[in-house]
Each structure stands twice: as structure tokens, then as C-alpha cells.
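Biologist: Please walk me through this one, a piece at a time.

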Amino acid sequence: MSSSLLPSSFSVQPSLRLSSSQMPLSLTTPSSTRFLQFRDPYAQRRHPLVDPAVVAEMRRCLDEGVEFLGELLNFRRDGVPLMNRLRLIPIHGDDGIVTHVIGIQIFTEANIDLDQLSYPVFKPTSYPNSEHFVGDPVMCLCPSNKYAQPFHEACGFLQLSDEVLAQNILARLSPRDVASVGSVCRRLRQLMKNEHLWKMVCQNAWGREATRVLESIPEAKRLGWGRLARELTTLETAAWKKLTVGGAVEPSRCNFSACAAGNRLVLFGGEGVNMQPMDDTFVLDFDAANPEWRRVKVASSPPGRWGHTLSCLDGSWLVVFGGCGRQGLLNDVFVLDLDAQQPTWKEVAGIAPPLPRSWHSSCTVDGSKLVVSGGCTDAGVLLSDTFLLDLTMEKPMWRELPASWVPPSRLGHSLSVYGGKKILMFGGMAKSGPLRLRSNEAYSIDLDEDDPRWRPITSNGFPDVGCQSAIAPPPRLDHVAVSMPSGRIIIFGGSVAGLHSASQLFILDPLEEKPTWRILNVPGQQPKFAWGHSTCVVGGTRVLVLGGHTGEEWILNELHELSLVSKPN
């Protein structure tokens, strides 16, 4: 351990049953440290390098009585900066109320030049006089007046400090609303330029996980959080382009499954010549200067298969489920850690597994739970069930989600996670009476509910579900469904009914009161074909479509990228 590593602190403090605004954030701080309280002759507020998004998340966890884990800048009593890795663990009594909070923290040196910073990031000053609004009258609705009237006297809202305005009010608005607030007056317009504020806005609107993923991509640093929020909200810079990469995926195959793990694309299995099930794993690393396909040397592999699903759990972990193998359909589960010194596929013996199946759909929730839906049995029967497997359990057990009503049985549909633990099901080949037809129906389920159940979102233009049938995506299966950080879903590609173009993009916000499909027109060279099993989303901003195909021959060195944010020239 480095000599620069200071002693860690461990403390158990009683819960004061206060709101987070009242609860002190120094419960676990040793006497030699002033928690977030660095001051110098110019500093009037918290130090500008203390990430307010982390502080806000800490307060949220204290409010909700859930565990917090984060890292932020702290200071010794003498002002020396430290990096503070902090963990707060609530202890609940028999009545479910938090009685104590365990705090564990580790300090390391922070190599920061504090003299290079300007003060303050958020102004502490209130604005009681009209002179601060010269040339910028503020519109205000007075109870006694029917119409808004400009006035030059500061309203109560604008007498708040910049820090309170940013962290307690503006950070809780949507990115679109925050941008609108910036047009009110000069002061708010100036406040809109603060990157800490925009990061908090994105985190509150899109969630911690989406923000963490965006923070890891180069575009976040290059564009800044304000520009990133604008481009992901308006999609004004979205564009297609064609890429060529090196390496090779051999032998050639179809019906494989691919997913993204960080900035890497991973491909597993597939159907080779004469319906030969494949069991190899390939990786395409976009962090490399010249990305190329390479085979992953694994100590052991799952049985070869096609028509399966491959999903990313958390970071470098991948999970394979089901498909068609040499002996018929499968219902096994295998996981792989790509970052292990010797990557090895390991089977997870889940208790009470679902029926063996292929052409099902799957997704992951919370980075640890696998959700499997629908598909087709060995006898050709379409399935309508939904199962969940928590891979963090010592003995994972499959749990079928009970429902008084389920969508019609189907295969080749998509599952997209949005809004935390909500899942959107779209399309597929669905059973309709005695027939099997391509579908453009959408359903949602919220796994946070005590009794999760599927509900229709849109359905062939029935007026009671808020769908504009004139622009609803044509029925399709094995299509691409892209979950954006904002919770919106983009649909394109697949096997489309009739003479409709498979390359047309459609977008839906399932969080709207009345979700409505909209057409998204994007410039650039778009792919003629795109399939759900061969398309990956990297970093929340890049949609990569693997190859085109001629007959049964896939060209995996050709990719089409749909970039949702602007790229450097």
C-alpha cells in the first residue's frame, strides 16, 4: 500500500431521522478532516471541484435509506486536498426505518493545483435590487393580474443563491426545460453554462447508470454535458456513416448474436455451413487505433448454438441464454468475464429454468438480472411467458413473472429497458388467432411494481392507447430496438411486412402521457438491412450495425454507424 494512503475511517452513527437538507454530511468524518469544507480567502461556497452530482446522489440515498458508494474531493483541516472514497450503508430496524448509518471511507492524495481555479462556481449572493437585471426584464405572473407583465424588481425565486437555484431547482428539470429557463434573463443564461449543473440535470433525468456510461465516452469530455444533453434531446446532429474494420470472423456464419461491452463489440456462436452450431467468441475493440476482429481464447465454451441471445451484464460480463444446438433447443445460461486473465465461459445452474427455446428476446436490468421473454419451442409453439434470473444470488432461481394478462405469444420481438426497471416489448411474429403475423404492437412492464404486469402502449392505432397509426412502424420481426439514455426507443430494420423500407427510423417516448410514434429522418449512408441480433449500442450514443449480407454470406468487416451526437471533423 502506498505511503500516501491515509488511514481509512469507519463509523456507525445513529440516524437522526432528518431530511437530507437537515442531515449533516460529516457523520463519518475523522476530526482531522473537514468534509467538503475547504475554504480560502476567495471561496464562499463548496469548492468547485467537489462534484455536486455526487453530493446530490449522497443526499438522495440518505433520503431514501439506500446504500451510497461514490468518490469525491475532500480536504484535510489544513486545506490539503484528498480523494475520498465513501460508502454509506443504512441499517434498518424491525419496522423498516433506518436507525443507523455505517460510514466507511478511504483517503488518497489528490494531485490538484487549487491555485489555478477561479471562484465561485455558484454565486452565493442574493439579488434584492433591480440593477442586476438591467436590460433583462423578467416576466412574472402576479395573482392579481390576468396577464404576465415585465418588471424590474427581483422576484423571490431570483433572490435565491446560484447554488440553491442550480442544485435544488434547475437540476430537477428535464434538459429541454432547463434550456428554456436559460432564456429568462442574463443571470440564468450564465448559470446554464455551468457543466456541473448540466451533469446533475442529466443524472436526475436519465439515471445514474446512463450518466455513468456517457461519462466514459470521449464525446462527453469533448462536447461537455450541456451540448451532450442538447444533442441527445433534439437528435439534431444524428447521422449515418459506413465503417470498415480489419480482422475476420471465420468460419463465416449467420444467426449469431452480438452485444456491446463498454467500447467493445462481442459476437458469439451462430449457424455455420450445413446448419453447424458455432461455439466461438469474437471481439471488436473500438478503443484500438485500428479496430479489428479477433478470436477470444477461452478456457471453455458453451455448446455451439444459433438463435440464442447474448447480453451484457455489468461492464465486462456477458450472458448467453438458450438457442438451438446439436441436440435441439437449449435453456442453459453461461456467463463470461471478458476482462479476466483467462476468460472462461461458466455455466449458471439456475433452479426451475424456463422451457428450452430459440428466437426469444432478452435484456438485462440493474446489471445483474436477466429477463427472457417469448420465443419458439422444439414443437414450433410460440411462447408468451416472461422469466427473470437474478445472477447475484448464491443459488440463482428463475422466477416467472405472474400476470393476469400477457401479450400474444411471439418470437423475433425486442425488449428495451428504459426509466430504470421498465421494459418495452415491440413487434415480432405474433400469434393472432390461428395465424402468425408480423406485429407492430408495443407493451410495457415495470419490474419495480409489487405486481408487475404487461400493459399495451400502442396497438395498430386504437385511439384509447394514444398511437398515431399513420406513422406507426410497419409490422416487423428481428428488428433493431435502441434504448437511448433519455428513455426513448428507436426502432428500425428487421423483416418488414409489405413494401415498406426497413431503413426508416421511428422513435417513441414511452414515458409520455400518450406515447406517439414519430419518424426520425437521419442523413448519411444507411444500411439496406439491419437485424436485432447483429446490432449493438456502444456508449449510449453509437448504434453499430454489423455488415450487410448477400444470401447466406455475412460481411462482418463492413459496419454502419448511427451516431446520435456530433463527431469531430
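Biologist: Which residue is the bridge partner of Val-417 in E24?

Modeller: Ile-423 is the bridge partner of Val-417. This is a predicted model, where local features need pLDDT of at least 70 and side-chain atom pairs count only at pLDDT 80 or more, while totals for chains, interfaces and linings use all residues. Residues are numbered from 1 along each chain as its sequence is written, and side-chain values use heavy atoms, leaving out hydrogens and water.

Biologist: How many bridges do E23 and E24 pair over?

Modeller: Five, with strand E23 (residues 414–418) and E24 antiparallel. Strands are DSSP runs of E with at least two residues, helices are runs of H or I with at least four, and both are numbered from the N terminus; two strands pair if DSSP finds at least two bridges between them. Three residues lie between the strands in this hairpin, and Gly-419 takes a positive phi near 55°.

Biologist: Which strand is joined to E24 by five bridges as well?

Modeller: Strand E27 (residues 442–446), also running antiparallel to E24. There, Tyr-443 stands opposite Met-425.

Biologist: Why is E24 largely enclosed by the rest of the structure?

Modeller: Because four of the five residues of E24 (residues 422–426) are buried. Buried is under 20% relative accessible area, exposed is over 50% and partly exposed is in between, with a 1.4 Å probe and protein chains only.

Biologist: New topic: what is the strand order in the open sheet of four?

Modeller: The order is E18-E19-E20-E21, and the pairing is antiparallel. Strands E18 (361–365) and E21 (398–400) are the edges, each pairing on one side only.

Biologist: Is Asp-385 buried or exposed?

Modeller: Asp-385, which lies in strand E20, is buried, with a relative accessible area of 13%. The side chain of Asp-385 makes a polar contact with the side chain of Arg-357 at 2.8 Å. A polar contact is a pair of N or O atoms within 3.5 Å; within protein, one must be able to donate a hydrogen and the other to accept it, and residues adjacent in sequence count only if both atoms are side-chain atoms.

Biologist: What about Asp-337, where is it found?

Modeller: Asp-337 is in strand E16 (residues 328–337), and at 17% relative accessibility Asp-337 counts as buried.

Biologist: Which side chain does the side chain of Asp-337 join in a polar contact?

Modeller: That of Ser-316, at 2.6 Å. The Asp-337 side chain also reaches the backbone nitrogen of Asp-339 at 3.1 Å.

Biologist: On to helices: at what angle do H1 and H5 pack?

Modeller: Helix H1 (residues 52–64) and helix H5 (residues 195–206) pack at about 40°, with axes 8 Å apart. Pro-52, Ala-53, Ala-56 and Glu-57 in H1 meet His-196, Lys-199, Met-200 and Gln-203 in H5. Contact is heavy atoms within 4.5 Å; axes are lines fitted to C-alpha atoms over the stretch in contact for helices, with angles from 0 to 180 degrees between N-to-C directions.

Biologist: And what meets H6 from H5?

Modeller: Lys-199, Cys-202, Gln-203 and Trp-206 in H5 meet Arg-208, Ala-210, Thr-211, Leu-214 and Glu-215 in H6.
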